[in-house]
Amino acid sequence: MKTRKQDYGEKNIVGKNIETLRKSKNIQQNEFSAQLQSMGLDIDPSSYSKLEGQVRGASDIEIYHIAKALDVTVDSLFS
């Protein structure tokens, strides 16, 4: 997996945890955003990348779908 090129932003508090969980499951960003789209979440790879990088906020519905796709609780995204 690639290493992050830019520092994390401050627009959300879940992005870094989401990235760590996704990478622990050996899932590429593009693959994961496609999985989210197949679940009905309207998110493109660029927008998802910004969410992980904490340079944009994350909506409750995005957090819900991401937790479901990663097979974790919503609470675990915040810890």
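1. Asp 71 lies in the loop that links H4 to helix H5 (74–77). In this predicted model, the residue has a relative accessibility of 69% and therefore counts as exposed. Its phi is positive, near 60°, although Asp 71 is a residue other than glycine. In general, most residues other than glycine have a negative phi. Between Asp 71 and Ser 24 the C-alpha to C-alpha distance is 12 Å, with 47 residues separating the two in sequence.

2. Ser 24 belongs to the outward side of helix H1: together with Thr 20, Ser 24 is an exposed residue on the face turned away from the buried side of H1. The buried residues of this helix are Gly 15, Ile 18, Glu 19 and Arg 22. Their arc around the axis is only 100°, which puts them on the same side of H1. The partners against which these buried residues pack are H2, H3, H4 and H5.

3. Helix H2 spans residues 29–38, and its buried residues are Phe 32, Ser 33 and Leu 36. Viewed down the axis of H2, these residues fall within an arc of 100°, so they line one face of the helix. The face turned away from them carries the exposed residues Asn 30 and Ser 38. On the buried side, the packing partners are helix H1 (15–24), helix H3 (45–52) and helix H4 (60–70). Gly 40 comes after H2 and has a positive phi, near 100°.

4. The largest nonpolar core has 15 residues, and those touching the most other members are Ile 18, Phe 32, Leu 36, Tyr 48, Ile 66, Leu 70 and Leu 77. H2, H3 and H4 are the elements that each give two or more residues to this core. The most comes from H4, which supplies five.

5. Which residues are in contact with Leu 36, leaving aside its neighbours within four places in sequence? They are Leu 41, Ile 43, Tyr 48, His 65, Ile 66 and Ala 69. Leu 36 is also one of the buried residues of H2. Of its contacts, Tyr 48 and Ile 66 are listed with Leu 36 among the core residues that touch the most other members.

6. The side chain of Glu 52 makes a polar contact of 2.8 Å with that of Gln 29.

7. Ser 47 is likewise found in H3. Is Ser 47 buried or exposed? Its relative accessible area is 19%, and because buried means under 20%, Ser 47 is classed as buried. The side chains of Ser 47 and Arg 56 are joined by a polar contact of 2.9 Å.

Note on methods
Residues numbered from 1 in each chain as written. Predicted model: local features only at pLDDT ≥ 70, side-chain atom pairs only at ≥ 80, totals over all residues. Heavy atoms only, no water. Buried < 20%, exposed > 50% of the residue type's maximum accessible area, 1.4 Å probe, protein only. Helix = DSSP H or I, 4+ residues; strand = E, 2+ residues; numbered from the N terminus. Arc of directions from axis to C-beta. Contact = heavy atoms within 4.5 Å. Core = buried A, V, L, I, M, F, W, Y, C linked by side-chain atoms within 4.5 Å. Polar contact = N/O pair within 3.5 Å; in protein donor to acceptor, adjacent residues only side chain to side chain.
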